[in-house]
Amino acid sequence: MNLLATGTGLFGISPTTDQLLVVNLSAILVGTTFNAPQKFIKWGGVVVAVVTTTCALWCSHH
């Protein structure tokens, strides 16, 4: 119940609009590149999306 009382989300994250935008754009990147026949484009899109999402959620860039 303490999780609900503090107003933070999962893992202590309360995402802002900018963070949600980054997560959605990362999902679009993975969705469009994952079916590519070239492995570099396929896995490159996944790596970029994971790094970008991780940094948007846990790094404190303002």
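**Figure 1. Isoleucine 28 in helix α2 of the predicted model.** In this predicted model, isoleucine 28 is exposed, with a relative accessible area of 51%. Isoleucine 28 belongs to helix α2. How far from glycine 45 is the C-alpha atom of isoleucine 28? The two C-alpha atoms are separated by 9.8 Å, while the residues stand 17 apart along the chain.

**Figure 2. The whole protein and its helices.** The protein contains three helices and zero strands. Read from the N terminus, its elements follow the order α-α-α. Helix α1 covers residues 2–6 and helix α3 covers residues 39–58, and helix α2 covers residues 17–33. Of the 62 residues in the protein, 16% are buried. The protein exposes about 5000 Å², and 71% of that area is supplied by carbon and sulfur atoms.

**Figure 3. Confidence along the chain.** The protein has a mean pLDDT of 81, and 73% of its residues reach 70 or more. Where is confidence lowest, and where is it highest? Helix α1 has the lowest confidence, at a mean of 47, and helix α3 the highest, at 91. The pLDDT is below 50 over residues 1–5, a stretch with two contacts in the model beyond near neighbours in sequence.

**Figure 4. The aromatic pair of phenylalanine 34 and tryptophan 43.** One aromatic pair is found in a search of the whole structure. The ring centres of phenylalanine 34 and tryptophan 43 are 5.5 Å apart and the ring planes are at 85°, so the pair is edge-to-face; planes over 60 degrees apart are counted in that way. Phenylalanine 34 is partly exposed, with a relative accessibility of 34%. Tryptophan 43 is also partly exposed, with a relative accessibility of 45%.

**Figure 5. Surroundings of phenylalanine 34.** Phenylalanine 34 is in the loop between α2 and α3. Which residues does phenylalanine 34 touch, not counting residues up to four places away in sequence? Its contacts of this kind are with Lys42, Trp43 and Val46. Lysine 42 has its charged end over the ring of phenylalanine 34, at 4.8 Å from the ring centre. Phenylalanine 34 and glycine 45 are 11 residues apart in sequence, with 7.1 Å between their C-alpha atoms.

**Figure 6. Threonine 33 in helix α2.** Threonine 33 is part of helix α2. Is threonine 33 buried or exposed? With 13% relative accessibility, threonine 33 counts as buried, because buried means under 20% relative accessible area. Leaving out residues up to four places away in sequence, threonine 33 touches Ile41, Lys42 and Gly45. Lys42 is also among the residues touched by phenylalanine 34.

**Figure 7. Valine 23 and its contacts.** Valine 23 is located in helix α2. The relative accessibility of valine 23 is 30%, so this residue counts as partly exposed. Valine 23 is in contact with Thr53 and Leu57, not counting residues up to four places away in sequence.

**Figure 8. Valine 51 in helix α3.** Helix α3 includes valine 51. Valine 51 has a relative accessible area of 52% and is therefore exposed. The C-alpha atom of valine 51 is separated by 9.4 Å from that of serine 26, a residue 25 positions away along the chain.

**Figure 9. Cysteine 55 and cysteine 59.** The structure has zero disulfides. Cysteine 55 is in no disulfide, and its nearest cysteine sulfur, in cysteine 59, is 3.0 Å away. Cysteine 55 is partly exposed, at 28% relative accessibility. Cysteine 59 is likewise partly exposed, at 37% relative accessibility.

Notes: Residues numbered from 1 in each chain as written. Predicted model: local features only at pLDDT ≥ 70, side-chain atom pairs only at ≥ 80, totals over all residues. Heavy atoms only, no water. Phe/Tyr/Trp six-rings, centres within 6.5 Å; stacked < 30°, edge-to-face > 60°. Buried < 20%, exposed > 50% of the residue type's maximum accessible area, 1.4 Å probe, protein only. Lys NZ or Arg CZ within 6 Å of the ring centre and 35° of its normal. Disulfide = S-S within 2.5 Å. pLDDT = per-residue confidence, 0-100. Helix = DSSP H or I, 4+ residues; strand = E, 2+ residues; numbered from the N terminus. Contact = heavy atoms within 4.5 Å. Areas by Shrake-Rupley, 256 points an atom, 1.4 Å probe, with all protein chains shown as cover.
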